[in-house]
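Trainee: I have a model on screen and some questions about it. Can we go through it piece by piece?

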Amino acid sequence: MLNSSIHSTPNRGPWGKSSWRGNCSGYIIKDLIEHFKPSKFVEVFGGSGTGYDVAQSLNLNNSVHLDLNPSFGQSFSHESELVCGKYGGHNLLIHNIPGADFIFSHPPYHNIIKYSGEQWGEKGKGHPDDLSRCESYEDFIKKLNFINGKIFSSLNNGGRHATLLGDVRSNGKYYSIIKDMAYFGELESHIIKVQHNLYKTENKEYSSKLIRIHHEHLLIFKKNQIWQIPITAVKKVFKDLRASKIPTWRDLVQSAVEDLGGIATLNQLYSVLENSEKAKNNPNWQAKIRQTLQIHREFRSIQRGVWGLNLSYTAA
Ligand SMILES: C[S@@+](CC[C@H](N)C(=O)[O-])C[C@H]1O[C@@H](n2cnc3c(N)ncnc32)[C@H](O)[C@@H]1O
């Protein structure tokens, strides 16, 4: 039942293949169908057939399930020929998506699990348009955005796109797909799905302070207008702290001492900060730096005109 923003089912149910890496619980698809009662259900990124099996068990006679894997089902030829069933060889980067009032998608989580050449197809031979084989994370997000745009366009007005996505960690770096991708339509619900039965390699003990990922996100977008699509796109910018009006003098001086290796002369600090936004707006900026060093306990005097960091000070 979908009655809260947390979805947690310890078992995935009898649908699809439990041996298929990266499959999803059939309960999430079952609960979506039972909650929204779509008149036409389309599933893309069909994988091991979990969605198809769920639709069959619910006697849904108007559902279409698609995947790039040619062995997923009948051969896809044209979206106008699709009747209820499973179709393989459907490439979301190229082929069209049939109209529906509900589309469920469960894309690869970047390259965490490779599909073509591993889960299906000739061993080691990846498909160039397989989203689990993108050349970079940026390329993955770009392609996912394109596909999400296509999914959204294909919906009937009033229709919904529910997408299941995980966060991933690779070489210690955290990637939040749902924060980096574009949103098409109004976000109607954000459900946290608790991840049970993690695959054994994902279950490894972390030796560092990294916190294990134990959840996925189910986002539900609604199409509320025929022509005007609200699109929220993410832009990442890098800005030098010194060019910003936000940091305080303490923040700037601390960063300058850090940048200079933890110990700095006054002249070195002046030269690192002289072009900062704050210095440009303060005719007495050198005096301000000296005052900052004296009044904040994050700094310690090493000798006349030389300062170091004292970040482990204890409050008096
Ligand atoms: C995470 S799996 C889906 C698992 C599925 N929900 C299940 O329970 O078995 C992602 C699927 O996306 C498919 N895929 C990757 N790139 C694709 C593309 N360009 N077009 C269509 N399907 C693609 C892969 O073949 C894979 O089966």
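Trainee: What is the distance between the centres of domain 1 and domain 2?
Mentor: Keep in mind that this is a predicted model. The domain assignment gives domain 1 as 6-232 and domain 2 as 241-309. Taken over C-alpha atoms, their centres are separated by 50 Å.

Trainee: Which residues around the ligand are the closest?
Mentor: The shell around the ligand holds 10 nonpolar, 11 polar and three charged residues. In total, 24 residues surround the ligand. The closest are Asn23, Gly47, Ser48, Thr50 and Leu68.

Trainee: How many other C-beta atoms lie within 10 Å of His110?
Mentor: His110 lies in the loop between β6 (100-105) and α3 (137-154). Its phi is positive, about 55°, although His110 is not a glycine. His110 is buried, and the count of other C-beta atoms within 10 Å is 21.

Trainee: What span is expected for α3 at 1.5 Å a residue?
Mentor: α3 has 18 residues. From its first C-alpha to its last, α3 reaches 26 Å. That is close to the expected value, 26 Å.

Trainee: Why are the buried residues of α3 on the same side?
Mentor: The buried residues are Phe140, Leu144, Asn148, Ile151 and Phe152. They are on the same side of α3 because they cover an arc around the axis of only 100°.

Trainee: Which strands do the buried residues of α3 pack against?
Mentor: Start from the buried set, which includes Phe140 and Leu144. Those buried residues pack against β2, β6, β7 (155-170), β9 (183-184) and β11 (215-222).

Trainee: Which residues does Ser63 touch, not counting residues up to four places away in sequence?
Mentor: Ser63 is in strand β3, residues 63-66. Ser63 is buried, with 23 other C-beta atoms within 10 Å. Leaving out residues up to four places away in sequence, Ser63 touches Phe41, Ala55 and Cys84.

Trainee: How many Å apart in space are Ser63 and Cys84, C-alpha to C-alpha?
Mentor: Cys84 is one of the residues that Ser63 touches. In sequence, the two are 21 residues apart. In space, C-alpha to C-alpha, they are apart by 4.9 Å.

Key: Residues are numbered from 1 along each chain as its sequence is written. This is a predicted model: local features need pLDDT of at least 70, side-chain atom pairs count only at pLDDT 80 or more; totals for chains, interfaces and linings use all residues. A residue is near a molecule or strand if its C-beta atom, placed from the backbone, lies within 6 Å of it. Ala, Val, Leu, Ile, Met, Phe, Trp, Tyr, Cys and Pro count as nonpolar, Asp, Glu, Lys and Arg as charged, and the others, Gly among them, as polar. Domain bounds come from an automatic or database domain assignment. Helices (H or I, at least four residues) and strands (E, at least two) are DSSP runs, numbered from the N terminus. A residue is buried if 20 or more other C-beta atoms lie within 10 Å of its own, exposed if 12 or fewer, and partly exposed in between; C-beta atoms are placed from the backbone. The expected span of a helix is 1.5 Å times one less than its number of residues. The arc is that of the directions from the helix axis to the C-beta atoms. Two residues are in contact if their C-beta atoms, placed from the backbone, lie within 7 Å.
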